[in-house]
Amino acid sequence: MKKLKFNLAALLCLCALLTATTFTSCNKDDDDVSTNPNDLIGKWKLVEEKDEWKDSDGEKGSETEKYDNDEEMWETWTFKEDGTLIEEWFYKFNDSKIHTDTSNYQTDKNKLSGDFLDDGYTAVFSISGNTLTITCECKEDGDWDKETYIFKKVNN
């Protein structure tokens, strides 16, 4: 009986240790998310776009578009240190650039603003590893729209 109590106590201690380790490792992932504006600097390729909406009549919907290397066209965003944002679209046929938009951006912690945003939208960003997520949201006259853009860092 004494040996059984010892084994049960050891098993309970082991379970408690594993549980604590699991929760600690889960929290580490949250620490890897950055909202440091300096981490935005560089070129990012759009890999996914999500759109969710709800109108004043209560109708709602969502769409998700994923882009991979087989796409005919792709888009990149380059954030420069001087506050310039360059959006470029490329055509796969000969890797030619087909369109470029240049605008300005500003950051305040994890908030993004600038003339690249449509009127009424606010934007926030987060970076985890080589993934940038930008979420733009607009609430106006009972309508709601949320657009999420997911980018992968492009190595220059």
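This is a predicted model: local features need pLDDT of at least 70, side-chain atom pairs count only at pLDDT 80 or more; totals for chains, interfaces and linings use all residues.
Local features need pLDDT of at least 70 and side-chain atom pairs pLDDT 80 or more, while totals for chains, interfaces and linings use all residues. Residues are numbered from 1 along each chain as its sequence is written, and side-chain values use heavy atoms, with hydrogens and water left out.

**Exercise 1.** Find how many disulfides the model has.

*Solution.* Start with the rule: a disulfide is a pair of cysteine sulfur atoms within 2.5 Å. Applying this rule gives zero disulfides.

**Exercise 2.** Decide whether C136, C138, D143, N104 and F93 are buried, partly exposed or exposed.

*Solution.* Recall the cut-offs: buried is under 20% relative accessible area, exposed is over 50%, and partly exposed lies in between (1.4 Å probe, protein chains only). Now take each residue in turn:

- C136 has 5%, so it is buried.
- C138 has 10%, so it is buried too.
- D143, with 36%, is partly exposed; this residue is found in strand β10 (residues 143-153).
- N104, with 40%, is partly exposed.
- F93 reaches 68%, so it is exposed.

Strands here are DSSP runs (E, at least two residues), numbered from the N terminus.

Methods. Helices (H or I, at least four residues) and strands (E, at least two) are DSSP runs, numbered from the N terminus.
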